[in-house]
Number of protein chains: 2
Amino acid sequence: MKEVNTTIIREMHSDVPLIPQLANYLIASGGKRLRPLLTLATSRLLQANMEHAYNLAAAVEFIHTATLLHDDVVDGSQERRGQTSANLVFGNQETVLVGDFLFSRAFQLMVKTESLEILGILSKASSIIAEGEILQLQYQGNLLIDWDIYKKMIGAKTASLFSASCEISGALAKDKAAQDALRTYGYNLGIAFQITDDTLDYEAQEDKLGKNIGDDFREGKITAPILFALEHATLTEREFWERTLVRHEIQNNDLEHATSLMIRHGALERSKDLAREYAQKATLSLESIPTLSLDRELISLLKALPTSIVSRLS
Amino acid sequence: MKEVNTTIIREMHSDVPLIPQLANYLIASGGKRLRPLLTLATSRLLQANMEHAYNLAAAVEFIHTATLLHDDVVDGSQERRGQTSANLVFGNQETVLVGDFLFSRAFQLMVKTESLEILGILSKASSIIAEGEILQLQYQGNLLIDWDIYKKMIGAKTASLFSASCEISGALAKDKAAQDALRTYGYNLGIAFQITDDTLDYEAQEDKLGKNIGDDFREGKITAPILFALEHATLTEREFWERTLVRHEIQNNDLEHATSLMIRHGALERSKDLAREYAQKATLSLESIPTLSLDRELISLLKALPTSIVSRLS
């Protein structure tokens with residue numbers, strides 16, 4: 001990851017000083033760098049060209065950072081990773097444009113690997129992410145959302161980049177079988193990750209996560225815990241969800257009441273079960289890669305990662 | 001261009017209906033499609049693969065459209081091409097995200113041409129555009145801007161895409177000499193185009209242009225006519241520019257006064273002369289392409305285009 005960090009610092013340079021300032025404000029703020037880590041680990045596993053892998057890992061992190069910057073403008077966010085969000089510090093306009101810069105720079109980095117297949121995988125993932133974000137925006141405050149729509153949404157906005165971050169290593173190593181396995185691994189891992197994140201929004205420790213509990217609730221985002229609570233809602237409960245999520249009339253203690261309804265209907269448990277199920281699917285996807293010649297320690301790590309992500313849930 | 005329009009319609013399709021709706025709202029609003037036209041004309045001139053040229057022309061228009069959508073959000077625009085701008089009709093959030101979608105889709109289209117060189121040219125141009133936009137934002141209301149900074153700014157935000165739109169045809173035809181000539185042609189044409197546009201902002205017929213006279217003035221954008229008027233400003237005049245452009249205290253008749261100062265100092269004439277000079281440079285750049293085997297009518301058209309663009313100036 002040290003090589004990737006060096007690449008990130010070098011590639012976000014620009015004659016316009018605001019660009020590295022703003023980009024670094026978010027990048028250095030202690031994100032988990034899960035996506036570039038996945039690219040590195042899977043590339044090393046397949047003994048792919050690591051110089052190319054460093055560039056690709058940086059490209060993946062740039063795409064992710066660009067979407068976060070645009071998200072923060074889109075959502076009017078005030079906080080990200082426990083600090084004031086970039087849009088508030090640097091301005092909405094600057095944040096949109098630095099996002100555009102990072103996105104373009106990501107493609108410049110990809111070109112260096114000289115693989116059209118990889119450019120195809122990541123440009124497709126990028127357009128799917130945008131579709132997912134728009135879908136989420138359109139369903140904000142819409143109580144008709146169900147598991148299928150929710151899965152499509154998180155599959156697009158989150159799992160597609162996890163999937164691409166892993167798949168490109170297979171393409172880099174020119175190993176078709178591994179590429180298919182890693183695509184599925186990344187997708188399932190992404191779904192598990194997002195359900196976990198959405199569930200933690202109702203039960204995390206504020207100081208630990210660097211985000212405020214109940215953000216999704218206040219923004220009217222219908223995530224797994226809410227849609228499972230909605231399925232079993234009484235008429236009175238439905239009226240409560242309509243007032244808070246659709247009409248955004250939120251009073252003191254509404255978040256506590258929302259959480260208590262989730263507990264009453266087992267919605268948090270069901271979300272956790274699903275996160276665990278997708279984590280297991282992810283681990284299983286790796287079974288199809290012939291392990292004979294592979295680094296045993298690394299494959300064990302990749303197999304354990306999904307469970308470790310889901311274990312953030314109590 | 002019919003083929004390009006078909007490609008544009010097909011490629012902006014998405015399962016999320018808002019995407020083609022919003023994209024088409026801007027794309028169908030009667031833009032000049034100058035950039036895709038340049039790609040088509042120069043590709044035909046060099047007898048390049050036209051199937052690839054259609055995809056590249058659509059990609060270039062998608063990049064341009066994405067930057068316009070983001071610009072409108074960044075500037076808080078109310079009007080674009082004589083109609084209410086997309087951000088007001090569809091919302092800022094939707095507009096940013098559809099811009100991201102079109103941008104990603106542009107790269108997917110480029111991948112189809114299977115030329116890493118072209119992907120390199122267009123991804124570099126995209127990051128330079130973002131740098132130019134940020135530079136412009138930072139210099140808004142800064143009276144210290146001079147010709148060099150202004151040229152760098154419009155070179156980045158406008159001329160770089162004009163340049164790339166032409167250069168890629170040389171790369172597609174694998175003709176290095178033509179590629180160099182077309183890169184310079186596009187760059188000079190872009191500079192001429194932007195100076196023309198900036199000058200028309202102070203003397204166009206409103207109904208003809210579909211944009212309001214004085215938009216740049218009201219936004220505090222320091223363009224060629226202002227910077228030339230500033231060069232010769234008296235102390236009183238300087239105080240006027242500071243009040244209007246820096247402090248944004250704009251009163252009735254200020255725009256008329258600004259225009260009269262530009263006329264007094266010959267700033268509009270100087271801008272027009274520069275636009276004509278760059279138009280001429282563009283035409284001259286084409287001389288280095290050996291014309292023996294080329295379509296005479298097409299080369300004449302490309303040589304006449306810069307003058308025709310500048311001729312919008314009275």
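Start with A:Ala192. Leaving out residues up to four places away in sequence, A:Ala192 touches A:Ala275, A:Tyr278, A:Ala279, A:Ala282, A:Pro306, A:Ile309 and A:Val310. Contact here means C-beta atoms, placed from the backbone, within 7 Å.

Before going on: this is a predicted model, with local features needing pLDDT of at least 70 and side-chain atom pairs pLDDT 80 or more, while totals for chains, interfaces and linings use all residues. Residues are numbered from 1 along each chain as written, and chains are lettered from A, ligands numbered from 1, in the order written.

Where does A:Ala192 sit? A:Ala192 and B:Ala192 have the most contacts inside the largest nonpolar core, which has 202 residues. Such a core is a set of buried Ala, Val, Leu, Ile, Met, Phe, Trp, Tyr and Cys residues joined through C-beta atoms within 7 Å. Buried means 20 or more other C-beta atoms within 10 Å of the residue's own.

Next, the chain contact. Chain A gives 35 residues and chain B gives 35 residues. On the chain B side, α2 (18-27), α4 (50-75), α6 (92-112) and α7 (116-138) each give two or more. The largest share, 14 residues, is from α7(B). Helices are DSSP runs of H or I, at least four residues, numbered from the N terminus. By class, that side of chain B has 18 nonpolar, 10 polar and seven charged residues.

Last, inside chain A. The contact takes 27 residues from domain 1 and 29 residues from domain 2. On the domain 1 side, α4(A) supplies the largest share, nine residues.

Conventions
Buried ≥ 20, exposed ≤ 12 C-beta atoms within 10 Å, placed from the backbone. Contact = placed C-beta atoms within 7 Å. Nonpolar A, V, L, I, M, F, W, Y, C, P; charged D, E, K, R; others polar.
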